[in-house]
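Good morning, and thank you for making time for this item. I would like to walk through one structure, chain by chain, and then turn to where its parts touch.

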Amino acid sequence: MSVDLEPVTRLSQQHRSGGGSLVMLLQEVQAQYGYLPAEVLKALSREIDVPLARLYGLATFYRSFSLTPRGRHEVTVCTGTACHVRGAATLLEHLQRKLKVAAGGTTADGEFTLVTVNCLGACAMGPILVLDGVYHGKMTADKVDPMLGAVTRQPGGKLDGE
Amino acid sequence: MIAPGVKLLDSVARLEARRDELVSARAGRPCVIVSASTCGTANGAEELIRALQDGLKQLGLADRVDLRVTGCLGFCEQEPLLIFRPSNMFYPRPAPGQARRLLEESLLGGKVVEEMCYRDPRTGQSVWRIDRLPFYGRQQRLVLGANMEVDPCSIDDYLAIGGYGALAMVLAGATPERVIQQVEASGLRGRGGGGFPTGRKWRICRSKAGGKKYIICNADEGDPGAYMDRSILEGNPHSVLEGMLIGAYAIGADEGYVYVRAEYPLAVRNIHLAIDQATERGLLGDGIFGSKLNLRVHVSRGAGAFVCGEETALIASVEGRLGTPSPRPPYPAERGLWGKPTVINNVETWANVPLIIARGAEWFAGIGTENSKGTKVFSLVGKINNTGLVEVPMGTRLREIVFDIGGGMPEGRHFKAVQTGGPSGGVIPESLLDLPIDFDALTEVGAMMGSGGMIVMDDRTCIVDVARYFMNFLREESCGKCTPCREGIKNMLAVLTRICEGKGGVEDITRLERLARGVKAGSLCGLGTTAPNPVLSTLRYFKDEYMAHVVDKRCPAGVCTALISLSIDEGKCKACGRCLKVCPTAAITGGEKKVPAKILPDKCIHCRACFETCPFDAVTIT
């Protein structure tokens, strides 16, 4: 699969003209592509003259970077302490079984990426699940199933209003 | 660059004139307040706001009534809150469909709609005035209180309550030396975990000869279960900027960063907005209030690494490097960002600074205990009725926080412990409930103030599982630089997992203690040196529960799946069928058509999904 490298050139130029740190640059690149494709990192390395190993180091050190494509929908389970004592582990296990992926993985059909986060700071609502950026509180296994179903049944697999 | 209509506040006189103008324009006007921070929004605040806007329009009130959308008001369990001023009448989580009725009857008619009022779960009494709510009554909300008065997207709201007045006082007459003296005299200590005296940190930085200096606001609030910094940054970002401006003046910095977690999108948005608005009015930039103070503030978004809350790792991350800590000394106050002297304080610390300047160091030092001054914000979460942000004077007893303010345990459960200080902290058992909470008392009992997270646990929380949870967290978050931290935590996790799976032996307890000592001694930064605390403190107070796991192969709290069995109480089962839907192994028969459910033990994998789902508490764990 070939990737459009035009944004890399543009973002690299901005970076070279004094636009912030390497971490910020990678954040922008990820916002552009949804993840950090290998070809993009290679091109970036050439453009800004930074060893690929350093970019790879940053991309694997920080949790928010992904080297693999994300699913069409992102399911985030908060595993902060407050959510944990309120049953987040049960919820996560349920989702792993249902979607047949481990946390961090993407379903075979590319529909869902399941991720965990160490506390969203909305502890009153725990356990919290975030589906495509929308927070849902006091989540249980029986509530989450219809939500996932509803998302995939939308035309084009998209949520309302997207 | 100034947008049309925006007035430059380039002198103290102009600031005061603007404040007076705002105060008189607002005097006597009724106001409708809705809290819409992360929690409020997730609970439908946006629909409520739209309904209120429509209602005000329909009633012809849109020009006569202010609608203020605020950040978090701390009573998170009941967000969004709807409050009417001047009556102070309030309603928790009103349905958007009720908005118009409440406007008509309560705002216009002055009548309390009884059935929509908040009911104190302990007394059953309804409470209709926000200022009479027991949850707030026992608090002293110096830092958080303003969240109710300001729309975080409006600098005018902050100006109207006297915002940037402390900065004006400083620039009008105090020398940097005098500012530092005041902060020292106040006794303010860092709210991010370490508890280092803020004034001393500033003095060290100021004493470094001339040249470039930086200030940083640490908003990388990583402790799970702690979210006071999110609340302040989302709800009152200008108070943080004002604190930073005062700090920059005191130490001689002209550039600053707010390093904020990417997991807090609303906080990121609001601090950006606040910086733009302050810059537009000349409160950031060059020659602030016509003085020699220059300050530019940038936002640096975290990329998801807990260790970046550690100050040297944070600096590395701002510089775009791997967020791994460096040995101290040199401290950042001596050599920090890009090698320049740098003061790093956390959000809550910065937000305290304008209060100290405006109301005096003596006033501040009059609150709290001998060595811990002022108030502290705690996030009271977990198995507790009133989940929320609680701000109390240092020295308040834990019992008062958990039971009087927090309202005790839900569903009549029994209190087991409070975990404080996040992954670096420890547990406080029931026998220590009368402990006055301050920096030193917490350290003495093997816990830690940390950033102020308080996770309440009841008899259904397994203490070994909690220790395992924190080791798993730290295993993921250890940056890997120091071997004892990287490998030691991994080993502690393996031992704890073994115990939770019922495969542990008594010798594992001593093994844990030995590993803990090694990790503590052999790590560079705070993450590693405090990492064993959750294990050591649970062992200190709850050894019995560990022993039940390793000797009796029993999990008294009913959490560790390998050590429990589930059954259904036929008397309680209403055959609603919900457990059938969530059971992953089809281990439940009946459960519908009026036949009570029954669990087939040989098919059950003890995943607890039915237990979490059952609305009638019919699933029992033994």
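This is a predicted model: local features need pLDDT of at least 70, side-chain atom pairs count only at pLDDT 80 or more; totals for chains, interfaces and linings use all residues.

For chain B the average pLDDT is 94, and 99% of the residues score at least 70.

Let me apply the convention at once, in chain B. Strand 3 and strand 4 of chain B pair in the antiparallel sense, over four bridges. Within that pairing, Phe84(B) has Met89(B) of strand 4 as its bridge partner. What joins the two strands? Strand 3 and strand 4 of chain B form a hairpin, with three residues between them. In the turn, Asn88(B) has a positive phi of about 70°.

On its other pairing, strand 3 of chain B (residues 81-85) runs antiparallel to strand 1 of chain B (residues 31-35), and four bridges join them. Two positions may be picked out here. Val34(B) stands opposite Leu82(B) of strand 3, and Cys31(B) has Arg85(B) as its bridge partner in strand 3. Is strand 3 of chain B mostly covered or mostly open? Four of its five residues are buried, and the strand is thus described as mostly covered.

These strands belong to an open sheet of four strands in chain B, with the order 2-1-3-4 and mixed pairing. From one strand to the next, the twist averages 15°. Helix 4 of chain B, residues 99-108, lies across strand 1, strand 3 and strand 4 of chain B. The helix runs at about 35° to strand 3 of chain B.

I now step back to the whole of chain B. The assignment divides chain B into domain 1 (29-85 + 88-133), domain 2 (162-365), domain 3 (375-458), domain 4 (463-550) and domain 5 (565-621). Let us take domain 3 and domain 4 of chain B as a pair. Their C-alpha centres lie 22 Å apart. Across their contact, 12 residues of domain 3 of chain B meet 15 residues of domain 4 of chain B. On the domain 3 side, strand 13 (415-420) and strand 14 (426-429) of chain B each supply at least two residues. Which of the elements gives the most to that side? Strand 14 of chain B does, with three residues. By class, the domain 3 side has seven nonpolar and five polar residues, and no charged residues.

We come to chain A. Chain A has seven helices and four strands, and along the sequence its pattern reads α-α-α-α-β-α-α-β-β-β-α. Its C-alpha atoms fill a box of roughly 50 × 35 × 25 Å along the principal axes. Of its 162 residues, 41% are buried. Among the contacts in chain A with a separation of 6 or more, 60% are between residues 24 or more positions apart. The domain assignment of chain A gives domain 1 (6-61) and domain 2 (73-157), and the C-alpha centres of these two domains lie 29 Å apart.

Chain A also has an open sheet of four strands, in the order 2-1-3-4 and with mixed pairing. Its edge strands are strand 2 (112-117) and strand 4 (134-136) of chain A, each pairing on one side only. Neighbouring strands of this sheet are turned by 20° against each other on average, direction ignored. Strand 3 of chain A (residues 129-131) pairs with strand 4 of chain A in the antiparallel sense, over three bridges. There, Leu129(A) has His136(A) as its bridge partner. Helix 6 of chain A lies across strand 1 (73-78), strand 2 and strand 3 of chain A, at about 150° to strand 1.

Finally, the contact between the chains. How many residues does each chain contribute? Chain A gives 36 residues and chain B gives 46. The elements giving two or more residues to the chain A side are helix 2 (22-33), helix 4 (52-61), helix 5 (81-85), helix 6 (88-99) and helix 7 (141-153) of chain A. By class, that side has 18 nonpolar, 14 polar and four charged residues.

How values were computed. Residues are numbered from 1 along each chain as its sequence is written. Chains are lettered from A and ligands numbered from 1 in the order in which they are written. Two strands pair if DSSP finds at least two bridges between them. Axes are lines fitted to C-alpha atoms, for helices over the stretch in contact, and angles run from 0 to 180 degrees between N-to-C directions. Two residues are in contact if their C-beta atoms, placed from the backbone, lie within 7 Å. Domain bounds come from an automatic or database domain assignment. Ala, Val, Leu, Ile, Met, Phe, Trp, Tyr, Cys and Pro count as nonpolar, Asp, Glu, Lys and Arg as charged, and the others, Gly among them, as polar. A residue is buried if 20 or more other C-beta atoms lie within 10 Å of its own, exposed if 12 or fewer, and partly exposed in between; C-beta atoms are placed from the backbone. pLDDT is the predictor's confidence in each residue, from 0 to 100.
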